[in-house]
Amino acid sequence: MDASTEQPRSLTLGDRPFWHRTWLVVGVLVLAGFTAFVLWKGGSTVYYVVMAWFVALAMEPAVAKLAERMKRGMATGVVLIVAGLALVAFVAAFGALFVNQLVEFAKAFPAIAADTLEWFNRATGSNFTFENILTEIGISTGDLAGYAQEVAIYLVTLVAGLLSSAFGIFVLVFFVFYISAGMPRLRTWLARRMKPEIQVPFLAAWDLTKIKVGGYIAARIVLASINSACSAVVFALIGLPYWLPLALWTGLVAQFVPNIGTYISIALPVLVGLTSGNWLLGVYVLIWGIAYQQVENLTIEPRISARAVDLHPAVSFGAALLGAQLFGLSGALLGVPVAATVMAMLEIYKRRYELTPATEERVAQLVAPRSDPTEEPVDAAQEATTSPSADAEAPSRDEPAG
């Protein structure tokens, strides 16, 4: 039949390629909608599973070592129990210390404020009072009462949040136990569901994540130990009360609470020093905290962290900041090892190209200043291929010069 007279074929149920494509698009849309629904309704569960996986990876060195002498499930339980007891003891000791010092500071604050105002009046020759200062900034006695009520409401909200966090911790520990206890089997089970060409990058990413997370936690422990030991010596020398627990607090919080941990860790010792009867102790502690952080950031931490995660300090800071903005404190803590894993994967699989001297010469010609702004830059490679060579212009040795 002539092509010009051929009638267009109508779509029927027998047109299998058309219906296959149609159902494929429908299936993709349904799958995307279902995934969005699961993330919307069950996002917290997904979050707990991901966090549990990272915690299990951080526990892996200790669990693997104990698993050589006992069953892996028992090894996981021992590590979780030890970590839980240490956390409970830490919170109980420093929580009570923090509350006591906060109460003492609240009692001593009026006297400290009065002494500070009196010193300021003597130094400047002024005659300020608290009533005058409150009036100048537009705060009345009624406003102070309203602020007190807001603080009480915030405290109630904080207690409710702590109760909710207790349930979240239980769920997290539940997932951590089963993921850590069955991690080798989980790794094998997932890899066997993939094609051989996919297994290599998947297993490489899994093992690199385990190495980076474990190395990051080990580096934090080393830095916390150094910080605590140095702080203990300084606190003992200046006569700070509770110098040993405060030194442990400073080291642990500064290293395991990203971004703001440095300020939180030194705030409690400063508070204890200010309320100890000699407010100069608080000033000494503050000076020590600032000085040590500068020394640590410039000398100690770059070397230890570079060996652990091999990540540029700027990338490390950006990863922790992005993780904190996306997932809060846990995201800030895990942002650095995740970024280190991604960078390590890129180093393995990215393709490299040689940077030749000809490329550098061409770049130099392109960026070199020209006397005539309208003159086009000359491409060295193009000039070499288009211009006649000196050998072509010169007479050949086989031909007579005349």
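**Ground rules.** For every packing entry below, axes are lines fitted to C-alpha atoms, for helices over the stretch in contact, and angles run from 0 to 180 degrees between N-to-C directions. Helices (H or I, at least four residues) and strands (E, at least two) are DSSP runs, numbered from the N terminus. I am working with a predicted model, where local features need pLDDT of at least 70, side-chain atom pairs count only at pLDDT 80 or more, and totals for chains, interfaces and linings use all residues. Residues are numbered from 1 along each chain as its sequence is written, and side-chain values use heavy atoms, with hydrogens and water left out.

**Overview.** I looked up the secondary structure and found 14 helices and zero strands. Of the 402 residues, 24% count as buried; buried means under 20% relative accessible area, exposed over 50%, and partly exposed in between (1.4 Å probe, protein chains only). I then turned to contacts, meaning heavy atoms within 4.5 Å. Among those between residues at least 6 apart in sequence, 62% join residues at least 24 apart.

**α2 against α7.** How many degrees lie between α2 and α7? I read an angle of about 70° for helix α2 (residues 43-66) and α7, with the axes 8 Å apart. The two are therefore roughly perpendicular; the classes are under 35 degrees for roughly parallel, over 145 for roughly antiparallel, 65 to 115 for roughly perpendicular, and oblique for the rest. From α2, the contact takes in Trp53, Phe54, Leu57, Ala58 and Glu60, and from α7 it takes in Trp206, Thr209, Lys210, Val213 and Ile217. I sorted these by class and got seven nonpolar, one polar and two charged residues. For that sorting, Ala, Val, Leu, Ile, Met, Phe, Trp, Tyr, Cys and Pro count as nonpolar, Asp, Glu, Lys and Arg as charged, and the others, Gly among them, as polar.

**α6 against α7.** Next came helix α6 (residues 183-192) with helix α7 (residues 196-238): the angle is about 155° and the axes are 10 Å apart. I therefore noted α6 and α7 as roughly antiparallel to each other. The crossing of α6 with α7 is right-handed; a crossing is left-handed if the near helix is turned anticlockwise from the far one by less than a right angle, and right-handed if clockwise. On the α6 side I listed Met183, Leu186, Arg187, Leu190, Ala191 and Arg192, and on the α7 side Gln199, Phe202, Leu203, Trp206 and Asp207. This contact of α6 with α7 divides into seven nonpolar, one polar and three charged residues.

**α7 against α8.** I found α7 and α8 at an angle of about 150°, with axes 7 Å apart, and their crossing is right-handed too. Among the α7 residues that meet α8 are Ile217, Ala224, Ser228 and Phe235, and their partners in α8 include Trp243, Leu248 and Gly251. By class, the contact of α7 with α8 has 14 nonpolar, six polar and one charged.

**Tyr242.** This one sits in the loop between α7 and α8. Tyr242 has a positive phi of about 55° although it is not a glycine. I noted beside it that most residues other than glycine have a negative phi. With a relative accessible area of 45%, Tyr242 is partly exposed.

**Inside α8.** Its 14 residues should span 20 Å at 1.5 Å a residue, and the end C-alpha atoms are 20 Å apart, which agrees; the expected span is 1.5 Å times one less than the number of residues. Buried residues of α8 include Leu246, Trp249 and Val253. Buried, partly exposed or exposed: which is Leu248? I have Leu248 as partly exposed, at 40% relative accessibility. Leu248 lies in α8 (residues 243-256) and, leaving aside its neighbours within four places in sequence, is in contact with Phe94 and Ser228. Its C-alpha atom is 8.0 Å from that of Ala229, 19 residues apart along the chain.

Gln293, in helix α10 (residues 280-309), counts as buried at 11% relative accessibility. Beyond its neighbours within four places in sequence, Gln293 is in contact with Asn227, Ala254 and Thr262. Gly168, in helix α5 (residues 141-181), counts as buried at 7% relative accessibility.
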